[in-house]
Amino acid sequence: MEEDEAIHGDFYLLAKSYFDCREYRRAAHVLRDQTGKKSVFLRCYALYLAGEKRKEEEMIELEGPLGKSDAVNRELVSLERELATLCKNNTIDPFGLYLYGLVLKEKGNENLARKVLVESVNSYPWNWSAWSELQSLCTTVDILNGLNLSNHWMKEFFLASIYQELRMHNESLSKYENLQGMFTFSNYIQAQIAKARYSLREFEQVEVIFEDLLRNDPYRVEDMDTYSNVLYTKECFSALSYLAHRVIMTDKYRPESCCIIGNYYSLKGQHEKSVVYFRRALKLNKNYLSAWTLMGHEYVEMKNTPAAVDAYRRAVDINPRDYRAWYGLGQAYEMMGMPHYALHYFRKSVFFQPIDSRLWIAMAQCYESEQLHMLKEAIKCYKRAANCNDTEAIALHRLAMLHRELDQPEEAAFYYKKDLERMEAEEREGPNLVEALMFLATHYKTQKKFEEAEVYCTRLLDYTGPERETAKSLLRGMRIAQSGFPSMDVEHFHP
Amino acid sequence: MAGVVKAPGAFAITPHKVSVCILVNIYASPSQISVPFPFSSVSQHNRLGLYLLALTKSCDDILEPKLDQLINQLREIGGLLDHWLTDHVTSRLSSLSSPDDLFNFFNELRETLGGPDSGVMEDDQVILDPNSNLGMFLRRCILAFNLLTFEGICHLLTNIGIYCKEAISSCSSYELRRVDDSGNDFESLSEDENMDLNLVFKKINEEMEARKRATEQVSFHLHLPKELSTLVEDIEVSADPKSEHNDKGRESSSYASGELLRDVDPNGGVFLRTNWQIQGYLMEQADAIEKHGSSFTLNAFELTLRQLQKLAPELHRVHFLRYLNNLYHDDYFSALENLLRYFDYSAGTEGFDFVPPAGCNSFGRYEIALLCLGMMHFHFGHPKKALEVLTEAVRVSQQHSNDTCLAYTLAAMCNLLSEIGFSTTSGILGSPFSPMISVGTSLSVQQQLFVLLKGSLKRAESLKLKQLVAANHLAMAKFDLTHVQRPLLSFGPKTSMKLRTCPIIVCKELRSGYHLISEFCCEGSTMTADGAFSTAWLKNLQKPMGSLVLSQDNGSRNNYNPFLFFTQPSSIPGSVMQLVGSSYLHRATAWEIYGSAPLARANALVYATCFADASSSSDAALVHVKLIQHLAVFKGYKEAFAALKTAEEKFLCVSKSRILIMKLQLLHERALHRGHLKLAQQVCDELGVLASSVTAVDMELKTEASLRHARTLLAAKQFSQAAAVAHSLFCMCYKFNLQVESATVLLLLAEIHMKSGNAVVGLPYALASLSYCQTFNLDLLRASATLTLAELWLSLGSNHAKTALTLLHGAFPMILGHGGLELCARAYITEAKCYLSDPSFSVSKNPELVLDPLRQAADELQALEHHELMAEAFYLMAIVFDKLGQPEQREEAACSFKNHVMSLDHPHDVEDPIQSDTLLNA
């Protein structure tokens, strides 16, 4: 009996070695008569991988005139049959279930796949592959809530990850933070937190986290593209180049590495080179979402709008919730002088990311464009932008201007005042400030609120230029008006 | 990145081509005898040659036959030899078991070809000329094979295995019908035996053409399974509408999906097609979608497209097809999504029809996207949005100096303006951002439309866009029909002479559309853009032409088609046919408005018989509506409803269609005549619901609904309400410049006042209506207005009877020649009344002068079941008989009178399947 097991063990070990050497069919052949659960799984899995490998090869070989072949994994049918029988006889282990789920997913039977995968993770929760397959099958919150998952800390990881995918960033962040309490030194959790925060646009903290992460895990390439995005937005040239250098030494042929280099070139303004690297990233991973979007941005910079549109569209087709790509599409069409057409895309973009002021501003500018000239709609958009933390403070200023254009002085004054307050708080100066002061001064003067008007006028006196003279004359006028009656009297009685 | 298109026309070697090569090898085996081994006679040999020629010609098509199909065809062609041939092919195929066998096979093939300078040609030797059709085919195959990588050869080998296995597994023992006369053709060929092969081929070509005409069985597209090729056509020319039209949707879907799915089925022998082929397929499907509208099933085709998209991710045309498919199934969101996706990917620069512009700007052609988007919004009933988008399209095409697109955009705008009516557009065109800035804002929408039309026409002419020119002419005719060209600002009696519409202009515009078809006839070669796929004329040949349009009489089905000879020689594209067809439709409408019923009917019939295959389903429905309405007016309801039933079966899938509207109209009219006022009101309300639908307001329908509402009120003798409704309707018509409708409404107002006893008030309305009719040449309506006028005079008192009679007699020719049953009857009755009320007229002297028209009227009204008028006729008859002192006949007439009055007052519910199921549906 023991000898038997030993022999079986030997078979298994031989097969495992073949498997590790990527000789899948050989491994499967060795295990052809083995009935142990482990052996069965290894055999099936090896067959599956052999099929996948052949599929990939055929995809290239058969690349017909239409671009893509219809290569399929030819092992799927027999695997499904076998695993289904095992499943029916209840002689299947969680790993077998995982493989069964995988096969079902490939065959397009998503509901059953989900059920099988849930069963697998419930009986063996530590198989992250099963969790990630399950995640890819949960595209909406409703599906997620319909899953019957038993409690385990792995479930928390799963939820955190899927929340991020479903753009529920705050929920995801809180889950990860909880997990961090348990797994204090996990780089993974740290990186995920950084990503969640990045989605929430908290760039400062993200940078800190990534710096910390790189100290602990210096050869990490994973997730570094997010870091590079942060560095890009913060325009840290040297830090970005340092990062790029570092990852290229670690692994040149990772999509992330290429993306980081692309980002670097983009920051340097060398868009052609940047495109080359994004292309390389995409060659390595055709479904690399952010590379498509970023490449679109580069094409926009290069004024090659059709290419940009194409790239963005691919991003959107990979993930229709990618608001950046929608935004890019809108921008590209706006550049081509098709604002009405662009609006559709901007609308999509703000639908998926209603808290980003830049999107609202872009949409508003579209409405404002000379061809459409729909100022009321533009105002609505700017209002939304102003409500969601408009860092560049464009919205308030534009709102004030538009209201002035529409001859609505009350509203204009309101927004100028707000803008002014903001500029004061941020200690910014510039033409906008002068403009605001100027408008407010004249506005209050016409409203006969001389005290307020005087305040703004005196502030204007601090600036050089024609406004100063105007302010002076305004002040003079007001003094006269204020002492209007007496002076009139004087003039009357003197002669 | 944008619009990556792989090199078109790649010639891939497939198992089917290998078998054709084998056959060619048999046909032209390098032997020394004139008739090579297996063949017993030259005619047999030639027959195979013909067949091979057909096969090689069709090898660029989308679908390739499977081995069993090939074997069946061989059986038909080969005669005595079939066993030998099939055995040879199958054994040869199955002997190919290793890559090396394939190498050897193609090497052998090379020997079949004579070199270009093969020196001495012995008389009897059969050598393929490398430049002949078969020779070219062989060379292409050999070249394609040589280009294959080793992996490719392996795949070919696997595919051949699958190809053979399938044939063996599928039972291939069914017999095909023989081509009866095919033998004769070959017999005649066999006379000249010693001909050069090339010469033979030439001859064969001609013979093939001739034979194709003679038979339906063999065509170049041999491979297309027969049931399919007939299916598509059956949809329209089905023999028995009752049984077959119900599942036409399913059938067309099975065509759409089944075929391609089989084509791409991974395990069923993969035949990857070339880009060109798929594009051709997609074009065909696009035409089909447009033609069949919503009867083209959504899901099946969507499935096919999805599959195709999976296979050919770079073939963006698929998205466009998906857009079309969704468009015609009223799925706004998917349609929009797919349209945008298509243009995002392709930048409008994909497909056959793309000719890179001379300037070769690399900006893509997004203006076309705008044009399409505008049309889509229009289709979904968002005219305002559509106009915005089209405005942008105009601007962008001007920017990119794409004149063609500009012309089309302008045409689309005209279409939009004239279709949607003028209710919603005011204020948009007037905005400073309108494309026609020069026009300024002071012009009315009609005038703007006119300017647009003119501009569009001129542009199209200068760009030589023939179809667009024709379409513009049609639009112009439509405009001329209902609008006075000169500014309407000074409308009044003084200038009325100038302000007439001119039927001659309309006719001229309509006629100029015909140049189009004659041009396409004489230069058919320019239209072969779709190359091998323009097989329309081939299909036409095989089609049993001429289905009677509304043939509820199942007797004489005429197979004679007057248009057949016209369509035969040249392949006129469907779109051209459609245009020409719609000019007939326009003519029918024009005559309808001008009041010539026979001409309207004739034109509608021409359209229905000759252009039925080319027309879109909505146009076809429209023509049916016209014909049925004609029936109702001239033959009574019974026939109309019977015809309606046929039409309903034909246009089953269209839910909110013209057919439905017409049905409601018919029901309403009949209810009014029968005196079912409740039902009339109900039907009228239904019409109103259709008019106030969510998709843009259809002014025509709206006026129709309220007109009918007023009529119902009138019938219910609620005069003041009826007058109020009619009045507000007139205000609306006036506001939106619906002048033809205004005339009708004015006439109705006159009638209301007459019936309410205020003849004096009615007179000016009738006169106003008359003047409208004069302006727009509405002759029939004018006659009917004259009739009303006569009635009004008559009701003013007996001393006006003479005036009335004169008026009436003036209108009689028109009424009797073109008027419907009701109008004629009314005229007769009025005539009788005139005579009777004329004090100088004595009945006893000349009774027939009164009795005859009354009898006529009673006869005609019988078909309409118009109780009210019938009662009146019989009442008058009774009076006359009374005066004549014929009590028996008087009693009879009085009895009929009583019956009709009774049934008018107590409308007994007759069993009526049609009306009950409408109400259920609604």
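R215(A) and D212(A) form a salt bridge, with 3.5 Å between the closest N and O atoms; the term requires a side-chain nitrogen of Lys or Arg within 4 Å of a carboxyl oxygen of Asp or Glu. The two residues are about one helical turn from each other because they sit three residues apart in helix α12 (residues 203-216) of chain A. Helices here are DSSP runs (H or I, at least four residues), as strands are (E, at least two), numbered from the N terminus.

R215(A) is exposed at 62% relative accessibility, and D212(A) is partly exposed at 28%. Buried means under 20% relative accessible area, exposed over 50%, and partly exposed in between (1.4 Å probe, protein chains only).

## Basis of the model

This is a predicted model, in which local features need pLDDT of at least 70 and side-chain atom pairs count only at pLDDT 80 or more, while totals for chains, interfaces and linings use all residues. Residues are numbered from 1 along each chain as its sequence is written, chains are lettered from A and ligands numbered from 1 in the order in which they are written, and side-chain values use heavy atoms, with hydrogens and water left out.

## Other salt bridges

Over all chains, the count is 45 salt bridges. In the pair R358(A) and D356(A), the closest N and O atoms are 2.7 Å apart. R358(A) is partly exposed, at 33% relative accessible area, whereas D356(A) is buried, at 1%.

In chain B, E848(B) is bridged to R855(B), with the closest N and O atoms 3.5 Å apart. Both are partly exposed: E848(B) has 40% relative accessibility and R855(B) has 34%. Elsewhere, salt bridges with shared partners link R313(A), D317(A), K348(A), E337(B), R341(B) and D344(B) into one network.

Residues 255-288 of chain A are 82% helix and 0% strand, with 8 Å between the end C-alpha atoms. For residues 323-356 of chain A, the figures are 79% helix, 0% strand and 10 Å between the end C-alpha atoms.

## A buried aspartate

D419(A) belongs to helix α24 (residues 409-426) of chain A. D419(A) is buried, with 1% relative accessibility. Apart from neighbours within four places in sequence, D419(A) contacts A393(A), L396(A) and H397(A), where contact means heavy atoms within 4.5 Å.
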